[in-house]
Structure formats: structure tokens, C-alpha cells
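The following exercises concern the packing of side chains in a single structure.

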Amino acid sequence: RWKVIQALREAKEHLCLFNPIECIPEAQMNIGYAMEGGKGIEDVAAFPGRIGHHGGKVFFRGEPLFGASELMAQLILDYMRYVPSMRSAANVRYEKVLIRKAQEKGLGVAFLNGRQRLSRATKGKRQDSYILMGKILEDMDNPPDIIYDEGDIGIEAMIRLFARNPRELLKKMEMIAR
């Protein structure tokens with residue numbers, strides 16, 4: 001648990017130096033990191049209150065904690081069901097130029113059609129993203145570094161960046177942001 005928290009603290013320091021405010025979505029950013037073999041929300045650490053920006057600088061509202069972000073935890077855990085080694089993720093502002101840069105740099109990119117309709121029983125519930133992401137991951141030979149969606153009414157378009165650890169995650173973020 002200490003190694004996971006320490007890796008996120010190092011990511012925080014790096015993000016403050018890198019200062020990628022252009023990557024922070026309106027809904028703000030978060031970075032999460034799961035313990036190896038993590039199964040539940042309590043096995044994933046993230047930053048409470050998300051990561052924003054103020055005065056041209058990245059702004060954190062606290063130190064990383066386990067269970068701090070249910071959304072980030074579910075995203076990572078859902079991905080880990082298909083690719084257990086991909087234990088870290090971040091949500092990044094959707095920009096077509098970032099997707100293009102990712103493809104040019106050789107990152108794997110997949111489109112999640114958030115507008116795709118599921119049965120009425122699952123529509124609007126957390127299972128939506130899991131089911132749709134599962135379809136993407138089942139159909140790909142290599143797991144994507146990025147899964148993005150173009151949003152919907154009242155839902156911000158988003159890039160979800162995945163990596164084995166926060167250090168690799170930030171390297172990928174720098175690849176697409178600079």
C-alpha cells in the first residue's frame with residue numbers, strides 16, 4: 001500500500017513541474033493507481049477532490065488516499081479484469097489533436113461509443129462503461145493506451161489514459177500534451 005501511495009506522490013510532484021493545465025477537463029482530472037491484484041475500490045488510491053488548476057498552475061486538494069475516487073477506482077478495476085498489469089489511469093480533456101498525437105506517437109487508441117444504447121436494465125448505471133469497455137478490450141489484440149469518448153448531452157467528452165504505473169502514465173501524457 002505504501003508503494004502505491006508513494007508512486008502517486010511522485011506523480012503529483014512531476015505533474016506540478018510538468019503543469020499540463022491544457023489536459024485538465026472541465027470535470028477536473030484524477031490519477032489512480034491500484035494495488036497488484038486489486039479487486040475493490042479500497043484497493044485503488046487516487047487524489048481526493050480531483051486535480052484542477054488555479055492561476056495557471058496544477059492544483060491538488062489533498063494527498064493520495066485509498067478509496068478516494070470511486071469513479072477512478074472502477075475505471076481501473078474494470079480495465080484490470082482484462083489486462084491485470086494496467087493498474088494506473090487518468091482522465092484527460094478530450095481534444096482531437098491529443099488523439100491524433102497519440103496515434104502519431106504509436107499509442108494504442110480506442111473509441112468508446114458512449115452513445116451506444118444498452119438495455120433499459122443497465123442504461124445509465126456503472127455497468128454501462130464496464131460492458132462497453134469490455135467489448136473494446138475483448139476485440140483488441142493489444143490493450144489500448146487510450147480509450148476516449150466524445151461525450152453526450154450533459155456528459156463531457158473524455159480521454160482515459162492507461163498505464164502500468166503512474167510514472168508510465170505521465171510519460172504517455174507528456175507524449176500527447178507536448
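**Exercise 1: A buried aromatic pair**

In this predicted model, Y79 is buried, as is F162.

Task: Determine how the rings of Y79 and F162 are arranged, and which parts of the chain they tie together.

Solution. 
1. The structure holds four aromatic pairs.
2. In the pair of Y79 and F162, the ring centres are 4.1 Å apart and the planes stand at 25 degrees.
3. Planes under 30 degrees apart count as stacked, so the pair of Y79 and F162 is stacked.
4. Y79 belongs to helix α2 (residues 70-80) and F162 to strand β9; the pair therefore ties together parts that are 83 residues apart in sequence.

**Exercise 2: A tilted pair**

Task: Classify the pair formed by F111 and Y148 from the angle between the planes, and state whether F111 is buried, partly exposed or exposed.

Solution. 
1. The centres of F111 and Y148 lie 5.3 Å apart, with 50 degrees between the planes.
2. Stacked pairs have planes under 30 degrees apart and edge-to-face pairs over 60; the pair of F111 and Y148 is tilted.
3. F111 lies in strand β7 (residues 109-111) and Y148 in strand β8, 37 residues apart, and the pair links these distant parts of the chain.
4. Buried means under 20% relative accessible area and exposed over 50%. F111, at 38%, is therefore partly exposed, whereas Y148, at 14%, is buried.
5. Ring pairs also bring in Y94, which forms a cluster with F111 and Y148.

**Exercise 3: The nonpolar cores**

Task: Identify which element gives the most residues to the largest nonpolar core, and describe the contacts of I31.

Solution. 
1. The largest nonpolar core has 37 residues; L15, I31, I51, I146, I159 and M173 touch the most other members.
2. Elements giving two or more residues to this core include α1 (2-18), β1 (31-34), β9 (158-163) and α5 (166-177).
3. Of the elements, α1 gives the most, with seven residues.
4. Apart from this core lies another, of 20 residues, including L112, M133, I136 and I147.
5. Beyond its neighbours within four places in sequence, I31 is in contact with residues including L8, L15, F47, I51, M72 and L169.

Terms used:
Residues numbered from 1 in each chain as written. Predicted model: local features only at pLDDT ≥ 70, side-chain atom pairs only at ≥ 80, totals over all residues. Heavy atoms only, no water. Core = buried A, V, L, I, M, F, W, Y, C linked by side-chain atoms within 4.5 Å. Buried < 20%, exposed > 50% of the residue type's maximum accessible area, 1.4 Å probe, protein only. Helix = DSSP H or I, 4+ residues; strand = E, 2+ residues; numbered from the N terminus. Contact = heavy atoms within 4.5 Å. Phe/Tyr/Trp six-rings, centres within 6.5 Å; stacked < 30°, edge-to-face > 60°.
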